[in-house]
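Please look over the sequence and the fold below. A short report follows, starting with a single residue and moving out to the chains.

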Amino acid sequence: MIRVTTNGVLTGYKSSLMRSRNQLESTRNQVLTQRNFNSFAENPAAATHAFQLRRSAWATDMQLTTSDSVTKKFEAAFGIIMSTHDDLAVVADGTVLTGLSDTSGAGRSALGKTLNGMADSIVHSLNTKYGAGFIFNGANGDEVPFSWSKGDPKELLFNGLNVNDPANEAALKAMTEQSTFADIGLGMQEDAQGNIIPATAFDSALSGLDFLGYGSDEKGLPNNLVSVIKELGDILSRCKEDSNPPAEGVDGNWGREGDQEKASALALKLKEAMSTLRTAHSEMDTRTTFLNTNHTRLKDSFSTVNEQILGVEQMDLADAINNFSWAQYCYNAALKVGNTILSESLIDYMR
Amino acid sequence: MSSVSTFGAFTTARLGMYAAMKGLDVTGHNISNINTRGYSRQKLDQRAMYLTGSDRYSSPNDARVGSGVLCTGISQLRDPYLDIRYRNDMAGVGELDGRLGVLDELTSILDEVGKGKGDGVIEKQITDFIEKLSSLSTNTNMEEYQTLVRTSASTLISFFKSNAKALEKIKTNTENGFKQEMTKANEILKQIAAYNDSIRKSEIHGDSALEQRDQRNVLIDQLSQYMKIDVTYGKEDIGAGVTVEKLIIKMGDGDTDDITLVEGAYAGQLEIRNVPELNPNYDATQSDPDSPSFGEWLTADGGGTIDPSFARSIPSPIYDLNRSPLVDRHGNTHPNHSTDRELEYEEGSLQGTRDMLIGAGEFTPTKNSYQSYDTSVSKRGIPYYQKSMDALANKFAEVLNKANPTWLTDADGYVTDADGKKLMFGADSTAAPPTVGVPLELDDLMQLDPDDPANAGVLNHFKAYGAKVGGTLISNSDAGDDFTGITAANISISKGWTNNTTKLATYTKAEDVGSTSNSNINHIIIQLRGKHDYAPSDLDSDLGSSNVYTSANFQEMYTNFCGILAMDVSTTGTLLQNRATSTEELDISRGAVSGVDLNDEAANMMMYQKSYAAAARLMTTIDEALDKLINGTGVVGR
């Protein structure tokens, strides 16, 4: 038979009361913080999982910011190219042909000035900045991409190199292949040499030469759209300058020998250059669409991960309050029992 | 027929009253000591008194009666077996408690759950650093983004440093706590010996000294928390056939080789052992006796020696303990225990605290160290977490510095000038820049020791003509650019980066010169997010093997060892809870045997009071009977 002593009962009661009190505090804490666990040790597996999810959420958030920045740059570029294309479409299809068939020197001369003006304005557009860098200078965003040479006739320069000179073709090609990679959630990785694997990041570099073309063909005519327009403009402008009788062998009001043939050839080149512009434009359109789709995907992913984090960390408030109420009830019951613990003994009944 | 003593019955009544009064005394003593810690209830021992012997001339019609009750003494009710079980359990509880105390302190520093709005502190700061790099990657030509990155790195580094400092503080506090525990244990040993002395004297004079035994038991219970003890009661012969009890306390669980801590009135003291100092430069292959790396031990003048007795003595860095010779309170040494003895740790809070002080897990040194006991990787204490923080800081600095090379290189890895032409270094390198000589790969250049005068020529040459793109970002002091031996305590932004003479290189290849390429920033980001191998020998070649124990990115590595801490806390807490519950039950069982119960004492009180009344009534009866005999007999006819 076990002998129950006063102190033994008291000791047991005290430790049970403490346990009940601890439980009450723990559930109260859960209600206050609304977290499933308030320290790593309470639930190591869930805590590890939560940290992993948070890392994923931060990475996605970073990629969203980068994606936003790149998308805005592309949208700015898209707008510039779009308006350039629209303005040129009118000129290329209508005005130039009109000018070529126009018998009046004064009319062609006016057209020439329009074309020269247009060349200047295209150069200005493509020298636009987004933020602190030039949009259309690939990875060389600090330098102005397009400029005019100092001589006469003025030639188009890209980063100081004449775009029409065949000797510069290799260097210009290298410039169009420059990359500026941005991490937009495609799993940016490096190869063994430390170079970014192109399929794992987004190349946000845009080169103006991709849109305008460069180099010269076998006839020596420029491929570059602005150069074509500028030459055409010069040729047509020369028509008005002729105040003297025209030179030997020059027909109509053309300024120099061969101008008319050259003008026709340039008109065809203009059509080719427009085609290059349209191709590059639609490729950029596709890439911009991809950026937007990717942005939406990132947003959805961010949202999903956040929900998962809440699922792991957050306590359902109804559950928490329920647990707390029950713990409170148990604690109160334990306190009530305490009164009967210190019960009377035989001594109280002795006379 | 035997004779009847006329006045003998008075003695019987008197003895009865005396025993009842004594019984009431004992009951009162029990009741008033109900709350005294360690008190064992006492009871009165009685036996019936029978004085007459056998009589040669006795008759079969004789009726012999005893002469009353004798109080033979007071005894204690205590179960010694429960005491043994309780003390064994307390040693386990003490060890777990010691460990949990330190683990809780570590948790307050390393646990990031719920801090920083749930995102953590170091975890979040690493992400913030990568975020700033990401912003820089889309704005490579803007100086303010470089500054933002540096500020973020500086904050991260300050977190490393503050963690390292806090961990060091915990170590110091724990060391002090350990020494205080030792002091307390020593005091208890002395007090037990003093009680032994006093109880022995009382026993010699015939007093069983029950209260002193109780106090001694309380002290032994306290001692059992500090270490595992084995308590035995021997006998001491004091001459003339008289023996008294002798208490012997040994450290251990009853093996024959356990060391005696207390024997009778003699007690030893715990002290940290003095050991010969190890030679940190020791090289096993060195055979020249004059070289400082010869010999495993260090002498007082800093040289090496192969004989440990010539080495300088230092307190054991792994807190090995000795027991000093057993002395009594007059300073006399016990003849059988007059030398220092080496103690082995066995459970108890001293072991628990010591494990936390020296446990280094995977970072346990494999050479040039004092760790001589089984250092299985499960023992992880403060050094483990300190070294883990160091490993993280070291790897972070290594990766960041490597990803930010100082010099421009071409596609093959050769250092070039600002125009991208390979820099040549030759015997005659005075021409500026020279075109004769041998090109140098960047990796080879970075391996050269800048303090070696033989390398001065080539290093100055490259400094003069090479194109600087990056440089050392993290160093071991903010006064310089030295990137060796970086730990969590000394990690700093390098002097160059603070002064802006070193920047984050946005590109490192000659083909990207002049552009706003962000190729190197992306490279740094990939490196920071990527997995790296951690081996203990990264920090110090003496530290364990070069086996990779973790391959993780920075945040995973941090969460990893915080997770290990959390698991430890959780497991230790559960074990402690279980052990403490069972110890408490044992204590209650002890109390069931030796505790005072008011009902019992009340019943005893009534019993003794009634027996007193009965004895008094007997006396009155005898008085009346004798009165009749003396005053009422033979008065007829007067």
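Is Asn500(B) buried, partly exposed or exposed?

The model is predicted. In it, Asn500(B) has a relative accessibility of 31%. A residue counts as buried under 20% and as exposed over 50%. Asn500(B) is therefore partly exposed.

Asn500(B) belongs to the loop between helix 10 (495-498) and helix 11 (519-529) of chain B. Its backbone is worth a look. Phi of Asn500(B) is positive, near 70°, and the residue is not a glycine. Most residues other than glycine have a negative phi.

For Asn159(A) the angle is near 55°. The residue sits in the loop that runs between strand 4 (156-158) and strand 5 (161-162) of chain A.

How accessible is Asn159(A)? Its relative accessibility is 22%. The limit for buried is under 20%, so Asn159(A) counts as partly exposed.

## A four-stranded sheet in chain B

Now to a sheet. Four strands of chain B form an open sheet in the order 3-4-5-6. The pairing is antiparallel. Which strands stand at the edges? They are strand 3 (229-239) and strand 6 (266-267) of chain B. Each has a single partner strand, so one side of each lacks a neighbour in the sheet.

Take the pairs in order. Strand 3 of chain B pairs with strand 4 (residues 242-251) of chain B over 10 bridges, in the antiparallel sense. Within this pair, Tyr233(B) has Leu247(B) in strand 4 as its bridge partner. The two strands form a hairpin with two residues between them. There Ala240(B) takes a positive phi near 55°.

## The other side of the sheet

Strand 4 of chain B also runs antiparallel to strand 5 of chain B, and four bridges join them. Here Ile249(B) stands opposite Val262(B) of strand 5.

How many bridges link strand 5 and strand 6 of chain B? There are two, and the pairing of strand 5 (residues 259-263) with strand 6 is antiparallel. Tyr266(B) in strand 6 is the bridge partner of Glu263(B). In a regular strand, side chains alternate between the two faces of the sheet.

Move along chain B to strand 10 (residues 304-305), which holds Thr305(B). Is this threonine, Thr305(B), buried or exposed? Its relative accessible area is 9%. Buried means under 20%, so Thr305(B) is buried.

What does Thr305(B) touch, leaving aside neighbours within four places in sequence? Its contacts are Phe294(B), Gly295(B), Glu296(B), Trp297(B), Thr299(B), Phe310(B) and Ala311(B). Pro292(B) is 13 residues from Thr305(B) along the chain. The C-alpha atoms of Thr305(B) and Pro292(B) are 9.0 Å apart.

## Chain B as a whole

Chain B holds 13 helices and 19 strands. Its radius of gyration is 41 Å, well over the 26 Å that the globule rule gives for 638 residues, so chain B is more spread out than a compact globule. The C-alpha trace spans about 160 × 60 × 35 Å along its principal axes.

Of the 638 residues in chain B, 46% are buried. Among contacts with a separation of 6 or more, 66% join residues 24 or more positions apart. Chain B carries 59 positive and 89 negative side chains. The centres of these two sets lie 9 Å apart.

## Chain A as a whole

Chain A has eight helices and seven strands.

Buried residues are 44% of the 351 in chain A. Residues 24 or more positions apart make 69% of the chain A contacts with a separation of 6 or more. The accessible surface of chain A is about 18,200 Å², and 53% of it belongs to carbon and sulfur atoms. Chain A has 30 positive and 43 negative charges, and their mean positions are 13 Å apart.

Conventions:
Residues are numbered from 1 along each chain as its sequence is written. Chains are lettered from A and ligands numbered from 1 in the order in which they are written. This is a predicted model: local features need pLDDT of at least 70, side-chain atom pairs count only at pLDDT 80 or more; totals for chains, interfaces and linings use all residues. Side-chain values use heavy atoms; hydrogens and water are left out. Buried means under 20% relative accessible area, exposed over 50%, partly exposed in between (1.4 Å probe, protein chains only). Contact means heavy atoms within 4.5 Å. Accessible areas come from the Shrake-Rupley method with a 1.4 Å probe; for residues, only the protein chains shown count as cover. Lys and Arg count as positive and Asp and Glu as negative; His and the chain ends are not counted. The place of a charge is taken as NZ of Lys, CZ of Arg, CG of Asp or CD of Glu. Two strands pair if DSSP finds at least two bridges between them. The radius of gyration is taken over C-alpha atoms; the globule rule is 2.2 Å times the number of residues to the power 0.38.
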